[in-house]
Amino acid sequence: MSVQLQKSQPLELTKQYLTAIFVNPIRYIARNRAGFVGCCVLTFLLLLSFIGPYLVPLDTQARIDKIYSPPSWDHPLGTDSEGKDVLSQIVNGGRDVLIVAFLSGLITTLIAAPLGAISAFFGGKVDALITTVADIVLTIPQIPLLLVIAAVIRFNNVYMLAFILGITSWPGLLRAVRSQVLSIKEKDYVEAARLLDLGTGHIIFREILPNMMGYVAIAFILATTAAVYAQVGLILFGLVPLSGHNWGVMINLAWVRGAIFFKDSIWYIMAPVTAIVLFQWSMVTFTRSLEEIFNPSLRSGD
Amino acid sequence: MAQAATQQPQMGGSSPRNRAARWAKNPIVRRLGKAVLTIFIAVTLSFFLIRLMPSNPIQVYITQLISTFGLSYQEASNMASSLFSIDLDRPVVLQYVDYLANLAKGQLGKSLISNGTPVTAMIGEFLPWTLFSVGTALFISFTLGTLLGMTMAYKRGTPLDHALTTFASIMSSIPNYIVAILVLIFLGVQWKLVPVTAMRGSLSPGVVPGFTWEFFSDAFFHAFMPILTYVLTTVGNWMLMMKNSTLSALGEDYVTVARARGLRDRTITLSYVGRNAILPLFTNLAISIGFIIGGAALIETIFVYKGIGWILLTSINQRDYPVMQGVFLCITVSVVLSNLLAEILYSRLDPRIRVPGSDN
Amino acid sequence: MRESAAVTPATKPDIRPLLRVENLNVQYRTRRGPVKSVRDVSFELLPRENLAVIGESGSGKSTLGLALTRLLPRSAQFTAGKMEYWGDTGRLNLAEASKEALRRWRWQEVAIVFQAALSAFNPVLTISDQFMDTAKAHGHRDQAKIRQRALELLELVQLDPKRVLDAYPHELSGGMRQRVLIALALILNPKILILDEPTTALDILTQRIIIDLLRKLKEDLDLSMIFISHDLSLAAELADRVATMYAGEFVEFGSVEETFYQPKHPYTAGLIHGVPRVNAELENLTSIPGSPPDLIDLPTGCKFHERCPHARKMCRTQVPVKETVGHPGSGHIVSCLRWREIKHAANH
């Protein structure tokens with residue numbers, strides 16, 4: 001395992017961490033072709049959404065003569081129901097979606113990772129309690145729950161939405177983290193540390209957590225994609241009245257204005273759909289190469 | 001794990017003093033307990049969401065009645081009480097108890113919008129269609145996914161495997177409502193392969209349920225696009241999972257021993273590799289059921305397929321709180337019950353977890 | 001008198017061997033290059049003869065077992081000058097037989113009991129199911145008869161037959177599963193039984209039971225056995241002839257008496273001196289320094305020279321040929337450049 005610690009000198013530790021975090025990933029990502037493409041697409045989308053708005057301002061001018069026009073030199077992705085440029089909407093529409101997704105992914109991970117680790121590490125009654133709660137929350141279907149919550153609470157801002165998404169989606173992740181910690185716990189080096197009586201703190205922070213890093217990173221990415229799914233779903237049906245333009249709102253407008261049943265509107269609809277699909281796909285593919293980095297036994301042997 | 005299983009020959013060990021403890025350890029008893037607890041928590045959650053949130057929907061409704069129909073507060077309050085099956089004059093805790101008592105009697109309140117139709121009647125009308133479409137889709141997708149996944153494992157490294165793996169990983173990463181929109185756009189609008197508007201609803205007007213060809217074909221006609229969407233969005237996961245678990249089953253010693261025993265390839269593929277490879281998928285079946293039934297709210301709305309998910313979104317959009325509450329509960333109960341079913345099925349198929357307490 | 005029959009050289013013309021193998025080679029393809037697991041192995045197995053193949057782990061023993069039953073994985077390349085089996089129904093060319101012919105032949109004629117007996121059974125089928133499907137795959141349809149035979153065999157391996165037959169594998173202990181697998185191996189009355197590390201991973205008591213059981217089988221049944229093991233005491237107790245395997249080839253081959261009391265190959269001698277005096281299991285063969293060679297990048301000359309206490313310069317360059325010890329028909333074969341000069345301490 002690339003982040004496994006054998007020596008405890010601080011310098012050696014730092015060096016191992018640095019290699020594990022920066023050098024090895026690039027090496028292994030380049031090795032898995034699909035993962036590499038996914039990583040490139042992801043980087044492109046992130047640049048597009050966070051740097052792009054400074055270069056391509058949002059087009060606010062309606063053009064009655066150019067409703068749902070196909071791609072042209074002036075409008076590379078065509079225009080919408082008011083003749084506004086679609087490309088500028090795509091460039092400016094990613095930021096909010098991605099911020100909510102990352103934030104809620106972060107909240108999910110912050111709840112799930114420590115609780116999962118505690119549950120697996122201490123076992124017994126603590127474990128039984130945590131897993132029972134997780135099982136129950138996991139069983140209550142998330143989308144209907146969110147729909148009901150959205151009907152009662154107004155999601156006024158991005159943070160509120162991220163928070164609600166985060167606290168409803170941790171159980172699946174918790175179970176995954178828990179089983180991972182359980183398997184690490186069985187490993188020889190942890191057994192050895194326990195026999196040497198190195199203390200719970202040492203075992204958790206020096207032996208288990210470093211080996212969990214990669215796994216937590218993967219869990220964070222998967223939580224993020226789950227948040228995109230739930231968030232865009234809520235926006236699509238107009239239950240999250242986020243103002244402004246984002247990919248979800250674009251699909252919502254296409255839906256509400258009946259653009260879906262309009263043959264010419266295909267370019268307009270396909271733009272946000274493609275952006276979301278590309279984001280989800282690149283994230284998932286990226287986790288596959290991360291898995292290869294952190295779990296050497298998965299590296300293709302042939 | 002191996003040592004634990006090796007050393008002590010199990011079975012038996014029936015000392016009466018631990019009977020209660022053993023009963024609590026019985027996996028089926030535990031699952032039932034968890035299911036009841038889950039439903040109870042969902043009930044509580046839905047009650048307090050509607051009743052105690054800052055924008056208390058019942059108060060909103062009362063204010064609305066007063067302003068639109070010029071009723072007195074008491075009249076409006078009485079009307080709201082009867083629709084929500086709640087006595088608003090009582091303290092919240094007692095209201096909660098009443099709510100539970102009504103639930104126990106099977107009363108979920110009445111719709112605010114459609115002239116006081118009981119929510120239970122609405123559920124009875126819409127739920128079967130969701131169960132029908134989701135159940136059919138799950139069956140098709142699970143069967144297809146496991147067969148394809150096994151094929152991929154047996155043909156690993158071939159172009160067929162690469163093509164199917166790529167397809168599966170793309171399909172499993174696209175949100176299901178986006179697939180639904182794409183199905184609608186391409187099959188319905190752009191290529192005009194299916195009559196989208198005629199397919200709305202759950203049955204064509206004039207078709208009566210019964211064991212007739214007309215009924216079944218019409219039911220499938222209307223459910224076609226939701227089923228297609230569920231299958232497309234879930235089959236990829238089954239394929240990938242089955243491929244992995246088949247690969248690991250193929251590496252098991254008992255498969256080599258089965259070949260050494262001169263068993264026919266068919267026997268080995270079905271009852272040695274297949275049966276063991278499919279077992280881990282049943283744990284995911286439970287999660288998948290919840291996900292599909294939950295996601296049905298979005299999919300059914302896109303296709304205007306009149307199931308429980310459609311009525312949920314409709315009631316949310318109309319702020320028809322009793323319906324919303326009842327339907328949410330009903331969806332949760334369906335998920336809990338199908339989880340229970342999947343787990344019992346799993347324990348039937350895997351003898352290792354049949355023995356109470358031998359939980360590894 | 002059984003002893004004397006067994007010691008009779010394999011080349012004696014009037015006894016037809018059950019199994020004849022000539023120049024068997026097996027390579028595994030890996031990214032680093034071919035792993036040469038079995039190299040130029042030749043031997044004959046006579047009816048009712050018991051052969052032990054001994055060597056350290058990593059010497060290619062288990063691959064030999066898989067190759068003899070044609071069960072090698074797809075990544076293995078297999079070549080054999082000759083690999084033939086004579087049963088009651090005639091000759092079967094194992095190197096070229098069809099998949100279906102091999103399937104029928106396996107377990108009916110040659111059964112193999114693997115090292116991994118713990119996971120040898122399908123966890124979702126009862127033991128009875130697994131006896132039934134084995135018999136059915138070989139054309140035996142009379143369920144009552146199969147059940148009767150299974151009960152007898154389980155009785156023979158000293159298990160409670162009815163309880164075991166209706167159990168699932170996870171309900172049996174490791175030693176019980178090992179014995180069930182041996183019983184299952186005998187269900188079709190095979191002519192040859194191959195046992196790959198039959199006692200490894202078992203506690204001493206269970207090992208004893210298994211060894212006693214195998215001795216009983218040897219005496220009672222019309223059966224040839226091949227033991228693949230690093231446990232020399234097992235070989236000494238049960239085998240008629242012993243082959244020492246090193247780096248994929250037989251470096252010495254002869255009767256138990258000659259090999260154990262007058263070993264000619266330094267490796268065999270080293271193995272024997274590694275055996276504790278009591279007949280206990282041995283984990284490490286400490287008397288031989290170093291570890292088995294990398295089967296991808298084999299040493300030049302004699303493959304053992306790096307670890308051999310008697311190695312000379314020539315051992316590094318010259319490849320030893322197989323030579324016969326004693327009179328031409330003795331069947332004691334050794335492949336060492338210096339076997340005539342070296343006197344190994346006798347094993348008493």
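1. In chain B, helix α7 (residues 119–154) packs on helix α13 (residues 308–317) at an angle of about 130°, and the two axes lie 7 Å apart. The model under discussion is a predicted one.

2. From α7(B), the residues that make this contact are B:Met122, B:Ile123, B:Phe126, B:Leu127 and B:Thr130, while α13(B) contributes B:Ile308, B:Gly309 and B:Ile311. Sorted by class, the contact of α7(B) with α13(B) comprises six nonpolar and two polar residues, with no charged residues.

3. The crossing of α11(B) past α12(B) is right-handed.

4. On the α11(B) side, B:Tyr254, B:Val255, B:Ala258 and B:Arg259 meet B:Ile268, B:Tyr272 and B:Val273 of α12(B). The contact of α11(B) with α12(B) holds six nonpolar residues, one charged residue and no polar ones.

5. Between the chains, 34 residues of chain A are in contact with 43 residues of chain B. On the chain A side, the elements giving two or more residues are α6 (124–139), α7 (142–152), α11 (200–236) and α13 (266–294) of chain A. The most is given by α13(A), with nine residues.

6. As to the class of its residues, the side of chain A that touches chain B has 25 nonpolar, six polar and three charged residues.

Conventions
Residues are numbered from 1 along each chain as its sequence is written. Chains are lettered from A and ligands numbered from 1 in the order in which they are written. This is a predicted model: local features need pLDDT of at least 70, side-chain atom pairs count only at pLDDT 80 or more; totals for chains, interfaces and linings use all residues. Axes are lines fitted to C-alpha atoms, for helices over the stretch in contact, and angles run from 0 to 180 degrees between N-to-C directions. Helices (H or I, at least four residues) and strands (E, at least two) are DSSP runs, numbered from the N terminus. Two residues are in contact if their C-beta atoms, placed from the backbone, lie within 7 Å. Ala, Val, Leu, Ile, Met, Phe, Trp, Tyr, Cys and Pro count as nonpolar, Asp, Glu, Lys and Arg as charged, and the others, Gly among them, as polar. A crossing is left-handed if the near helix is turned anticlockwise from the far one by less than a right angle, and right-handed if clockwise.
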